[in-house]
Amino acid sequence: MIEDTVNRPNVQSVVLKTSTLNPNLFRKRLRDIPYEVAPGDLVAVDLEEGGRLGFGLCNPFAEIAVRMISFGDQFPDKAHWQARLERAFALRSDLLKLHEHATAYRVVHGEGDGLPGLVIDRYGDVLSLEAFSLGMYQRAQAAVSMLGSICGTQHFSIRTSPASSEQECFDAEPYQSVNCPTSVTIEEYGTRFRVRFDGGGHKTGFFCDQRENRKKLAEFCPGKSVLDLCCYTGGFAVQAKHLGKAADVTAVELDEEPLKLAKENAKLNQAKINFVQADVFPYMRDMLRNGKKFDVVVLDPPKLLRNREEIEDGKRKHFDLNRLAMQLVNPGGVLLTCSCAGLLPDEEFQRMICSAARQAGPEICDENSLDARVRHAPRDMQIIDKTGAGADHPILGNCPESEYLKAYWLRMW
């Protein structure tokens, strides 16, 4: 239902109190939305002081009430969508040339590609679309069909984010193209991974955003012992063994289903990995009691801060995870620690890491101290690099908060 110029709909107008170039307009920044506006409608956004900001998709019941599709007087018709999708694909194919070393990558990254609320990943011959707004869900099949013609793919899988469905006040079942495969095998720097489209959990179980970080980690792994905490479907662990030629790899994951897929991925590459189904907190404490350490440790937990109510609890979990993980790294070894929480700013994440290092040394026992709490000596830590998502996850200059993935590379002593 992408709008066209010939059959241009009767577009209602909403009024923005103060001008902005951020594509996400919160409800409190708007004057009253006309009752004629239905959830998902395309609306014109006018400025209170006069003039037109542009056009966006509106949901009066969502906190982000309007997601801008175009700025100025340009009406976002089919030609506009075609141009945006072609531009997005050109970044990945012409500039980044991702097809030369990967068959899986992000093709549309929401705000970063001028289509807020829409994410599309390519897995071989399948486009996997996730809609974060009702308006984008309503236009999902048209968008993915248009992009398929540009990319040359044959199939698509469409779903919504469970959290976004709640925030946008609508329910929608995932659906796929006719004869869409239930799974595909993709390659990433010569390593193979199985990707499933079963509609459960995360949309596929494979995250393209860590592609370059997986390759970078492999460079530290030849002949080393590696621990992959929260391994999910085994991305870092498999690359550490197959591409990185690690001496031995241990991968820990609590959930049974992704762990099964991780084992499949290891078999695909004839990679011998010790998989452990366990909660990483007690697992790390057990390893510390046993005096076990590793040369390279990866800590890539799931999102721990999903909303503002979870910020303090999420920061405490990040701190505890990092303090324990740091203790498992051999002197001179490397810790890769990540956060995919957009609500945790980079500077706060760095401060938390530094604070964790100050309490990651051996226990201090002072018999004369009146303080009965267990204390730890500090441990030397060097930040040797900071990275994020791959270049196929561009950050819009007018929406810096769209940067979400933080990856810190630490050398521990």
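1. Rings of Phe, Tyr and Trp, the last taken by its six-membered ring, count as a pair if their centres lie within 6.5 Å. In this predicted model, one aromatic cluster is formed by Tyr123, Phe193, Phe197 and Phe206.

2. Across the structure there are 10 aromatic pairs. One of them joins Tyr137 and Tyr175, whose ring centres are 6.3 Å apart. Their planes meet at 85 degrees, and planes over 60 degrees apart count as edge-to-face, so this pair is edge-to-face. Tyr137 belongs to helix 2 (residues 134–138) and Tyr175 to strand 10 (residues 175–176), so the contact ties together parts that are 38 residues apart in sequence.

3. The two tyrosines of that pair fall into separate accessibility classes: Tyr137 is buried, at 17% relative accessible area, while Tyr175, at 26%, is partly exposed. The cut-off for buried is under 20%.

4. A further pair is made by Phe207 and Tyr232, with ring centres 5.7 Å apart. The angle between their planes is 40 degrees, so the pair is classed as tilted. Both residues sit in loops: Phe207 between strand 12 (191–196) and helix 5 (211–218), Tyr232 between strand 13 (225–229) and helix 6 (235–242). The pair therefore ties together parts that are 25 residues apart in sequence. Phe207 is partly exposed, with 35% relative accessibility, whereas Tyr232 is buried at 19%.

5. Two lysines are placed over aromatic rings. Lys216 lies over the face of Trp409, 5.2 Å from the ring centre. The charged end of Lys292 is over the ring of Phe294, at 5.1 Å from its centre.

6. How many disulfides does a search of the whole structure find? The count is zero. A disulfide needs two cysteine sulfur atoms within 2.5 Å. For Cys169, the closest cysteine sulfur is that of Cys58, 13 Å away, which is too far for a bond. For Cys221, the closest one is in Cys338, also at 13 Å and likewise too far for a bond.

7. Is Cys169 buried or exposed? Cys169 counts as exposed because its relative accessibility is 52%, and the exposed class starts over 50%. Cys221, in contrast, is buried, with a relative accessible area of 0%.

Conventions: Residues are numbered from 1 along each chain as its sequence is written. This is a predicted model: local features need pLDDT of at least 70, side-chain atom pairs count only at pLDDT 80 or more; totals for chains, interfaces and linings use all residues. Side-chain values use heavy atoms; hydrogens and water are left out. Buried means under 20% relative accessible area, exposed over 50%, partly exposed in between (1.4 Å probe, protein chains only). Rings of Phe, Tyr and Trp (its six-membered ring) pair if their centres lie within 6.5 Å; planes under 30 degrees apart count as stacked, over 60 as edge-to-face and the rest as tilted. Helices (H or I, at least four residues) and strands (E, at least two) are DSSP runs, numbered from the N terminus. A charge sits over a ring if NZ of Lys or CZ of Arg is within 6 Å of the ring centre and within 35 degrees of the ring normal.
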